[in-house]
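Hi,

Here is the structure I promised to pass on.

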Amino acid sequence: MSEAELVLRSTRVITPEGTRAASVAVTGEKITAVLPYDAPVPAGARLEDVGDHVVLPGLVDTHVHVNDPGRTEWEGFWTATRAAAAGGITTLVDMPLNSLPPTTTVDHLRTKQKVAADKAHIDVGFWGGALPDNVGDLRPLHEAGVFGFKAFLSPSGVDEFPHLDQEQLARSLAEIAGFGGLLIVHAEDPHHLAAAPQHGGPKYTDFLASRPRDAEDTAIAALIAQARRLDARVHVLHLSSSDALPLIAEARADGVRVTVETCPHYLTLTAEEVPDGASEFKCCPPIREAANQDLLWQALADGTIDCVVTDHSPSTADLKTDDFATAWGGISGLQLSLSAVWTEARERGHGLEDVVRWMSSNTARLVGLDTRKGAIAAGCDADFAVLAPDETFTVDPAALQHRNRVTAYAGKTLYGVVKSTWLRGQRIVADGAFTEPKGQLLSRT
Ligand SMILES: [Zn+2]
């Protein structure tokens with residue numbers, strides 16, 4: 001390790017082989033070695049000893065709506081990436097909506113990259129969008145470096161991003177499979193949604209009834225059928241309905257290439273606790289009952305669900321009205337996701353290694369960044385979150401970094417305080433103080 005410039009030392013470093021006392025040697029932007037705890041520090045290297053704080057690989061959040069440019073009053077790259085950095089996230093992949101333009105052509109991708117370039121506090125990649133009329137744009141976007149394509153099977157919430165019907169889905173998926181790409185899908189069936197009771201108003205039970213589980217289950221079944229027929233690779237976004245788990249597990253056992261994510265809010269908040277009119281809890285698909293949540297945790301434990309991602313999707317506060325039917329749907333979770341998931345995970349007997357697998361290693365693998373991100377191992381980027389896992393804090397909206405400080409977690413006491421976040425060898429946040437943006441734009445490799 002004679003060339004190390006930095007040695008990060010802790011009694012608890014989470015590596016792919018488990019948690020151990022170690023000294024992590026860093027040169028430039030890369031981890032060069034994971035050494036024994038008491039390995040001598042080479043002359044000229046700086047030692048950062050974080051004691052008993054846990055060093056984990058920076059989280060990789062593959063589901064974030066930054067909304068920049070075009071709806072920057074909802075969220076922007078500067079604020080979103082600061083919130084992410086404060087929460088121990090070092091890589092995010094931006095969704096193709098709700099920015100204007102959406103990321104549906106190479107020109108639009110270039111526009112977004114230009115906007116993000118000097119505002120990103122963490123590394124940022126991009127998903128493309130699959131629309132009814134842009135099949136011809138998919139391959140150029142793939143070649144330009146997007147990590148895959150998002151499609152909706154029901155209305156997205158914004159007019160410029162229409163959803164695909166089954167025929168259009170088949171066409172886009174065939175095209176994407178043709179170049180070995182990945183389709184990620186918001187899976188709710190529009191016919192089941194239309195058939196559900198649509199009462200509107202402030203009652204959460206009415207909202208929940210308007211987005212039933214079978215809308216998810218039906219859409220996922222149809223997606224799996226298409227993936228099977230085309231031998232295509234698909235990913236189910238933000239799974240909420242536990243009823244869909246058996247069919248997903250069965251498809252995977254059959255060799256269908258389907259992966260699944262869920263979100264902190266489905267894992268830590270329940271329908272039973274949502275106050276009427278509290279649309280900071282509104283997202284689609286919705287937060288469901290506690291019994292449903294238990295099954296999602298079971299599916300994380302047995303590997304049916306691969307990843308946990310935020311689906312951070314903010315709006316201005318005025319769009320979060322007390323009518324669940326018309327309020328903006330989206331929960332802002334970037335800064336709190338690690339602590340929220342860890343708080344519930346520890347309660348349920350999971351370790352931080354599990355959280356790292358769900359929120360860093362598996363998400364990195366989803367987007368093919370696993371040779372660079374999601375692990376503390378020689379050759380990987382020196383991205384770290386330093387966490388005090390047994391310290392608690394109470395969520396104060398005023399302390400949040402995302403643009404509109406609306407949160408479903410206000411007043412909750414959470415375990416896990418992020419002490420510092422490191423991006424490619426540089427400390428970018430320490431005790432709430434940020435450096436200038438040092439994020440890079442990432443492309444599919
Ligand atoms: Zn989303």
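Lys 150 counts as buried because it has 26 C-beta neighbours inside 10 Å. The cut-offs, with C-beta atoms placed from the backbone: 20 or more other C-beta atoms within 10 Å of a residue's own means buried, 12 or fewer means exposed, and anything in between is partly exposed. Before you go further, bear in mind that this is a predicted model: local features need pLDDT of at least 70, side-chain atom pairs count only at pLDDT 80 or more, and totals for chains, interfaces and linings use all residues. Numbering starts from 1 along each chain as its sequence is written.

An unreviewed UniProt entry puts the feature "modified residue: N6-carboxylysine" at Lys 150; UniProt positions are in the numbering used here, feature names are shortened, and annotations may be inferred rather than shown by experiment. Lys 150 sits in strand E10 (residues 149–152). Strands here are DSSP runs of E with at least two residues, helices are runs of H or I with at least four, and both are numbered from the N terminus. Leaving aside neighbours within four places in sequence, Lys 150 is in contact with Met 95, Pro 96, Trp 127, Gly 129, Ala 130 and Ile 184. By contact I mean that the C-beta atoms of two residues, placed from the backbone, lie within 7 Å.

Ile 184, in E11, also stands opposite Lys 150. E10 and strand E11 (residues 182–186) run parallel and are joined by four bridges; two strands pair if DSSP finds at least two bridges between them. They belong to an open, parallel sheet of six strands, in the order E9-E10-E11-E12-E13-E14. Its edge strands, each pairing on one side only, are strand E9 (128–129) and strand E14 (307–308).

Now the whole chain. The protein chain has twelve helices and 18 strands. Its radius of gyration is 21 Å, which agrees with the value near 22 Å that a compact globule of 445 residues would have; the radius is taken over C-alpha atoms, and the globule rule is 2.2 Å times the number of residues to the power 0.38. Along the principal axes, the C-alpha atoms fill a box of roughly 70 × 45 × 45 Å. Buried residues account for 55% of the 445. Of the contacts between residues at least 6 apart in sequence, 73% join residues at least 24 apart.

There are two domains: domain 1 (6–55 + 381–434) and domain 2 (58–366), with bounds from an automatic or database domain assignment. Their centres, taken over C-alpha atoms, are 26 Å apart. Across the boundary, 28 residues of domain 1 are in contact with 40 residues of domain 2. On the domain 1 side, E16 gives the most, with six residues. That side divides into 18 nonpolar, eight polar and two charged residues (nonpolar: Ala, Val, Leu, Ile, Met, Phe, Trp, Tyr, Cys and Pro; charged: Asp, Glu, Lys and Arg; polar: the others, Gly among them).

Strand E1 (residues 6–15) and E2 run antiparallel, with eight bridges, and a hairpin joins them through two residues. Ile 14 has Thr 19 in E2 as its bridge partner. E2 is also joined to strand E3 (residues 30–36) by six bridges, again antiparallel, and Val 26 stands opposite Ile 31 in E3. E2 and E3 form a hairpin with two residues between them, where Gly 28 in the turn has a positive phi of about 60°.

Cheers
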